[in-house]
Amino acid sequence: MGNFPDDYYQETDPGRRRAILMEALEEEDTAENRIRERIWELRYTEVPRSRDGQWVDGYIRLWMALKYAAQYAGSFFGGRGAIKDVRRILDELEIRHLMEAGPQERELLYREFYHGACLYLRICSSDRNYSSTFLGMVPMKTDSVQAKIARDVYESLYVGARFAQAEEELSLFRQAARAAFEDLIPAQKEYLQGLIDKDK
């Protein structure tokens, strides 16, 4: 069965993750693996009529919705649609239910959040448009990209979550995302902390 569950949490492709999990369930049908299966089912949605098994990642959708909501913070106009989007995604992912279900669910949800945050941060680090200026033609320096990612974490998971009135539901996601950021981009740990401290 390989090195389960480590291989499961290192894999990024949803289809391959499911295959790893199904193999683990066949060998050991445990409550823990059933919770993992439920979290997987909530997180990923298959793209309709997709021939190559494309999936939509609910955690990336949530991050994008929070990023969008943050743009309305402090504004007198708009924002209701952004708040509704965040709330709808939170409900679809059943985050509150999983957080309140028990310590095992909470622990596995944290691991899945950490996995999702690592994926998002790696996408940001490697995406040419994200890490470029002037119409994507001039690449940014590494430290500038990392600082931009730190601002993204702060604006999405702090400003956006607060504006959407979802700080309590997103507390575990925020905790996992901070841990992922500090593990992957330790050079900007103090910069992110400074942004958070100014917000208090």
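The side chain of R43 makes a polar contact with the side chain of D57, at 2.7 Å. A polar contact here is a pair of N or O atoms within 3.5 Å; within protein, one must be able to donate a hydrogen and the other to accept it, and residues adjacent in sequence count only if both atoms are side-chain atoms. The model is predicted: local features need pLDDT of at least 70, side-chain atom pairs count only at pLDDT 80 or more, and totals for chains, interfaces and linings use all residues. Residues are numbered from 1 along each chain as its sequence is written, and side-chain values use heavy atoms, with hydrogens and water left out.

R43 belongs to helix α3 (residues 31-43). Helices (H or I, at least four residues) and strands (E, at least two) are DSSP runs, numbered from the N terminus. R43 has 0% relative accessibility and so counts as buried. Buried means under 20% relative accessible area, exposed over 50%, and partly exposed in between (1.4 Å probe, protein chains only). Leaving aside residues up to four places away in sequence, R43 touches R17, V56, D57, G58, Y59, L93, E112, H115, G116 and L119. Contact means heavy atoms within 4.5 Å.

Two helix pairs were examined. The axes of helix α7 (residues 103-126) and helix α9 (residues 171-184) come within 8 Å and cross at roughly 50°. Axes are lines fitted to C-alpha atoms, for helices over the stretch in contact, and angles run from 0 to 180 degrees between N-to-C directions. The helices α7 and α9 are therefore oblique to each other. Angles under 35 degrees count as roughly parallel, over 145 as roughly antiparallel, 65 to 115 as roughly perpendicular and the rest as oblique. The crossing of α7 and α9 is right-handed. A crossing is left-handed if the near helix is turned anticlockwise from the far one by less than a right angle, and right-handed if clockwise.

On the α7 side, R106, L109, Y110, F113, Y114, A117, C118, L121 and R122 meet L172, F173, Q175, A176, A177, A179, A180, F181, D183 and L184 of α9. By class, this contact of α7 with α9 has 15 nonpolar, one polar and three charged residues. Ala, Val, Leu, Ile, Met, Phe, Trp, Tyr, Cys and Pro count as nonpolar, Asp, Glu, Lys and Arg as charged, and the others, Gly among them, as polar.

In the second pair, the axes of α8 and helix α10 (residues 189-198) come within 9 Å and cross at roughly 35°. The crossing of α8 and α10 is right-handed. A147, A150, R151, V153, Y154 and Y158 in α8 meet Y191, L192, L195 and I196 in α10. The contact of α8 with α10 comprises nine nonpolar, no polar and one charged residue.

Helix α8 (residues 142-163) also holds D143. D143 is partly exposed, at 47% relative accessible area. S156 is buried, at 1%. Beyond residues up to four places away in sequence, S156 touches W63, L66, K67 and A161.

Backbone features follow. The peptide bond from F4 to P5 is cis, with omega near 10°. P5 sits in the segment before α1 (6-10). E94 is not a glycine, yet has a positive phi of about 55°. E94 occupies the loop between α5 (80-93) and α6 (95-101), and is partly exposed at 27% relative accessibility. Q165 likewise has a positive phi, near 55°. Q165 lies in the loop between α8 and α9, and is exposed at 68%.
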